[in-house]
Structure formats: C-alpha cells, structure tokens
Amino acid sequence: ERLQKLRQKMQENNIHYYIVPTNDYHLSEYVGAHFGARKYMSGFTGSAGILLVGMDMAGLWTDGRYFVQAEKQLEGSTVTLYRMAEEGVPAVEEFVKDKLPQGGCIGFDGRTVNGAWGEKFVAIVEEKKGSLFVGEDLINLIWTDRPELSKAPLFILEEKYSGKSTAEKIKDVRAKMAEEGADVHILTSLCDIAWLLNIRGGDIQSVPVVLSYLVLTRDQCIWFLQEEVVDDTIRAYLKENHIETRPYDDIYTYVPTIPESAVVLMNKSSVNYRICSELNKNIQVINKPNPTELMKAVKNPVEWITPALHMSKTVWQ
C-alpha cells in the first residue's frame with residue numbers, strides 16, 4: 001500500500017524511478033528515527049540498503065551482511081532483493097541507466113544522496129535527455145506519523161577531555177583552507193562538526209552528535225542547527241568562540257548566496273547533492289576530504305590519557 005501511494009506521487013510528478021537511501025541529510029552511517037524512510041517503505045530493518053521504486057517494480061539493494069535477513073523481511077512485500085557485489089547484479093545507477101526511457105525522470109530527496117553519487121544520475125539524465133526531481137521528499141507526503149527531527153540537549157566537551165580548544169581547532173582548519181586557496185569550507189559530517197566545536201549531543205542513538213551544518217570562512221563560523229536546543233550556557237560558549245547560529249534549514253538559502261568568485265572546499269562524498277547543486281555553477285570547488293578528518297585522527301596527549309583513566313588498574317595490569 002505504501003509503495004502504491006508513492007507511485008501515485010511519482011505519477012503526479014512524472015517520475016519514472018524514485019530512490020530511497022538509508023541516509024540522513026549528513027550521509028551518516030547511523031541515523032535517527034526521522035530518517036527511517038527506506039525501512040518504512042520496504043520493511044527491511046538493516047542498517048544499510050537502498051530502495052529503488054519504479055512504476056512496475058521495486059528493488060532493495062543491500063550487502064552480504066543482510067542477505068538472509070532481507071530475504072525474510074521482504075517476503076510478500078513485492079520488493080525484489082538485489083544482492084550487492086554478487087556476480088551479475090547491477091549497481092542501482094547501472095540498473096536505472098539501463099531501464100530509464102528517453103526523456104525519463106529520476107527522483108530522490110537531494111538531501112539524502114551525496115554529491116558524488118548525485119552527479120552519476122545527472123550524467124544518466126543528460127544522456128537520456130531526461131530530468132531529476134530532487135527538491136521534495138515524496139516519502140514525507142506518505143508517512144503521516146513520521147517521527148519529528150531529534151532535538152536532544154547539547155553539552156560542551158571541556159578542554160580537559162578534548163585536549164584542544166575550539167578556537168585552536170578552527171584556526172587550524174582555516175590554515176588548511178588558506179593552504180588550499182579556499183575562501184569557504186562547507187562541513188556537513190556530524191562527527192567532524194562535533195569534533196571541531198567540542199560540542200556533543202544525542203540526535204543519533206549511541207552517537208553523540210548534533211543535527212547541523214557548518215560553514216567556515218576566513219572571518220565567519222556559521223552553525224546551522226535547530227536553535228531551540230541552544231541554552232544560555234551553550235550560547236555564551238558560542239559567542240566566546242565567535243560562532244554564529246542560524247536555523248537548520250537555512251543552509252539551503254545560504255549556499256546560493258556564496259559569491260561565484262569564491263573558492264569552496266568540501267568533500268562531495270560527504271556533502272549532500274542538494275547543497276552541491278545549489279552552489280553557483282561558476283564557483284570553483286576543491287573536492288577533497290575535510291581537513292578535520294586527518295586532524296581528529298591524530299590524538300593529542302589528553303585524548304590518549306583520558307580513556308586510560310577510566311579503565312581499571314586490573315585491565316592495565
């Protein structure tokens with residue numbers, strides 16, 4: 001019934017294939033309840049998988065960890081299991097490229113597909129003289145009791161645990177931006193943002209992160225988040241570190257205002273397609289890993305010592 005409702009929405013928008021990944025808007029490995037669209041539409045509860053819905057088919061792509069589980073959970077659902085990396089099984093984009101008719105339309109929520117993968121679908125519709133539908137989440141029109149976005153409380157990870165202040169970390173990232181010749185750095189990976197700001201939250205179970213985006217320029221640090229979770233303590237901390245807050249969804253109105261003369265540093269594999277596609281076409285993009293990825297991988301003395309303090313003497317002996 002849910003697939004049929006989705007197909008009705010697809011028909012209304014002339015969409016031939018609609019893609020439902022597991023991802024949240026930050027391409028996180030684990031996601032909160034609000035982002036269970038693939039699970040809701042297919043019944044498959046594994047942590048990784050992609051649902052593809054056509055007008056006369058539906059397929060779920062998942063990896064070898066979930067073949068047995070997926071086979072059981074998809075039984076009677078009209079969704080066909082595609083075993084990823086098995087011989088003769090096409091990737092989602094290969095399947096779509098083969099089946100999409102001339103002038104056809106591919107749809108997905110542009111916030112849940114990374115920029116690099118999105119470009120593959122751009123190439124497909126250009127070859128087929130078709131189009132993309134990425135500006136609206138069709139699942140949201142069907143899922144009437146969808147859980148709200150998490151708004152878990154925040155807390156500051158004190159320097160006695162982080163070993164390095166937020167001001168120092170931001171300074172280091174700006175130095176890397178200067179080295180790359182970048183004016184703007186777009187950071188959407190939740191773990192990287194948590195590390196950079198020394199702030200933790202609880203928007204994903206067992207992962208202490210905050211649903212947010214961050215833009216760093218040579219003289220501004222803008223944090224896009226659900227501002228109602230910012231209490232007086234956090235606000236004072238942000239002011240002290242010259243961090244400006246804006247509403248969570250305002251990232252999508254901010255990105256188009258970045259001047260075309262700017263050089264933007266971002267990782268297209270971790271920034272969603274909608275952000276990538278809304279940048280001015282004349283902007284030079286440096287597509288490289290986030291500087292924070294390597295920075296956080298190098299542990300300072302405090303980060304080495306702190307875990308040890310929580311381990312019993314018996315373990316160390």
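Student: What is the relative accessible area of Q284?
Tutor: This is a predicted model, in which local features need pLDDT of at least 70, side-chain atom pairs count only at pLDDT 80 or more, and totals for chains, interfaces and linings use all residues. Residues are numbered from 1 along each chain as its sequence is written, and side-chain values use heavy atoms, with hydrogens and water left out. Buried means under 20% relative accessible area, exposed over 50%, and partly exposed in between, with a 1.4 Å probe and protein chains only. Q284 counts as partly exposed, and its relative accessible area is 48%.

Student: Which residues is Q284 in contact with, apart from its neighbours within four places in sequence?
Tutor: Q284 belongs to strand β14, residues 284–287; helices (H or I, at least four residues) and strands (E, at least two) are DSSP runs, numbered from the N terminus. Contact means heavy atoms within 4.5 Å. Leaving out neighbours within four places in sequence, the contacts of Q284 are A262, V263 and V264.

Student: How far apart in space are Q284 and E260, C-alpha to C-alpha?
Tutor: In sequence, Q284 and E260 are 24 residues apart. In space, their C-alpha to C-alpha distance is 7.9 Å.

Student: Which residue makes a polar contact with the side chain of T217 through its own side chain?
Tutor: T217 is in strand β10, residues 212–217, and counts as buried at 9% relative accessibility. A polar contact is a pair of N or O atoms within 3.5 Å; within protein, one must be able to donate a hydrogen and the other to accept it, and residues adjacent in sequence count only if both atoms are side-chain atoms. Setting aside neighbours within four places in sequence, T217 also touches R174, M177, D183, V184 and Y254. The side-chain polar contact, at 3.2 Å, is with D219.

Student: D192 has side-chain polar contacts with S189 and T292; what are the distances?
Tutor: D192 lies in helix α9 and is buried, with 3% relative accessibility. Not counting residues up to four places away in sequence, D192 touches L187, N290, T292, E293 and K296. The polar contact with the side chain of S189 is 2.5 Å, and that with the side chain of T292 is 2.6 Å.

Student: At what angle do α8 and α9 pack?
Tutor: Axes are lines fitted to C-alpha atoms, for helices over the stretch in contact, and angles run from 0 to 180 degrees between N-to-C directions. The axes of α8 and α9 are 7 Å apart, and the contact is made by T166, K169, I170 and V173 of α8 and W195, L196 and L197 of α9. Angles under 35 degrees count as roughly parallel, over 145 as roughly antiparallel, 65 to 115 as roughly perpendicular and the rest as oblique. The two helices are therefore oblique to each other, packing at an angle of about 120 degrees.

Student: Which residues of helix α10 are buried?
Tutor: Helix α10 covers residues 232–240, and the face turned away from its buried side carries the exposed residues D232, K239 and E240. Among the elements covering the buried residues are β7 (155–156), α8 (166–180) and β12 (244–247). The buried residues of α10 are I234, Y237 and L238.

Student: Why do those buried residues line one face of α10?
Tutor: The arc is that of the directions from the helix axis to the C-beta atoms. The buried residues of α10 line one face because, seen down the axis, they fall within an arc of 100 degrees.

Student: Which residue caps the N-terminal end of α10?
Tutor: The cap is a side-chain oxygen that lies 3.1 Å from the backbone nitrogen of T233. That oxygen belongs to D231.

Student: How many disulfides are counted?
Tutor: A disulfide is counted when a pair of cysteine sulfur atoms lies within 2.5 Å. The sulfur of C221 is 17 Å from the closest cysteine sulfur, in C191, which is too far for a bond. The number of disulfides is therefore zero.
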